2 protein chains.
Amino acid sequence: MNSSNSESKTDAIVFIGDKPFMNYVTAVVVQFTEKGESEVTIKARGKFISRAVDVAEVSRRRFLEKENIDVKDIQIGSEEFQREGKTTNISNIAITLVRK
Amino acid sequence: MNSSNSESKTDAIVFIGDKPFMNYVTAVVVQFTEKGESEVTIKARGKFISRAVDVAEVSRRRFLEKENIDVKDIQIGSEEFQREGKTTNISNIAITLVRK
């Protein structure tokens, strides 16, 4: 289920950043309702992880009630990067929503 | 797997708040290394969700490498509450780590 194969099949990805909250909710909702996607993955890093969970919950519970959207899978991980000569880690999350 | 039954079996729960980051990492690590728990659940709400993911990742990758700890399950949800006469929703997360 979590192989890189299954991940590469997911076309619809919404990356969470610091734009207005509803932009991301709308992006997720449109993928299901207008683009006809059966799966949408919401991705975020660092402090935006909390926001990714909010986007998933608000999309699913408030705007996609009739679409029967479920949480298929949630992955967490870390990425290492160099900043000012120091190695820093940043956590990430990927929440995959699926049409039941 | 996600029934309320299996959840009630999890004794070790670490709630993430605004104490120093390493307090939470230590709490998780001690559950596995000293208390001999086979499962620890990290819970957080709202803005502390990002922190919960950081605690899970740092505990697992930096301090529990030899313990073979895996992410067993991640649940997200929402709670409704009343604040100043208005209904507000807050998201939550529960990350369950397990000894392989």
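This is a predicted model: local features need pLDDT of at least 70, side-chain atom pairs count only at pLDDT 80 or more; totals for chains, interfaces and linings use all residues.
H2 and H3 of chain A are oblique to each other. The reason is the angle: the two helices pack at about 55°, and because angles from 65 to 115 degrees count as roughly perpendicular and those under 35 as roughly parallel, this pair falls into the remaining class.

To place the two helices: H2 of chain A covers residues 21-33, H3 of chain A covers residues 49-63, and their axes are 9 Å apart. The crossing of H2(A) and H3(A) is right-handed.

Which residues in H2(A) and H3(A) meet? From H2(A) we have A:Phe21, A:Met22, A:Tyr24, A:Val25, A:Val28 and A:Val29. Facing them from H3(A) are A:Arg51, A:Asp54, A:Val55, A:Val58, A:Ser59 and A:Phe63. By type, the residues of this contact are nine nonpolar, one polar and two charged.

Now the chain as a whole. Chain A has three helices and four strands. Read from the N terminus, the order of its elements is α-β-α-β-α-β-β. The C-alpha trace of chain A spans about 50 × 30 × 20 Å along its principal axes.

Next, the interface with chain B. On the chain A side, A:Ser50, A:Ile74 and A:Ile76 supply 38% of the area that chain A buries against chain B, more than any other three residues.

Notes:
Residues are numbered from 1 along each chain as its sequence is written. Chains are lettered from A and ligands numbered from 1 in the order in which they are written. Side-chain values use heavy atoms; hydrogens and water are left out. Axes are lines fitted to C-alpha atoms, for helices over the stretch in contact, and angles run from 0 to 180 degrees between N-to-C directions. Angles under 35 degrees count as roughly parallel, over 145 as roughly antiparallel, 65 to 115 as roughly perpendicular and the rest as oblique. A crossing is left-handed if the near helix is turned anticlockwise from the far one by less than a right angle, and right-handed if clockwise. Contact means heavy atoms within 4.5 Å. Ala, Val, Leu, Ile, Met, Phe, Trp, Tyr, Cys and Pro count as nonpolar, Asp, Glu, Lys and Arg as charged, and the others, Gly among them, as polar. Buried area is the accessible area (1.4 Å probe) that two parts lose on being put together, summed over both.
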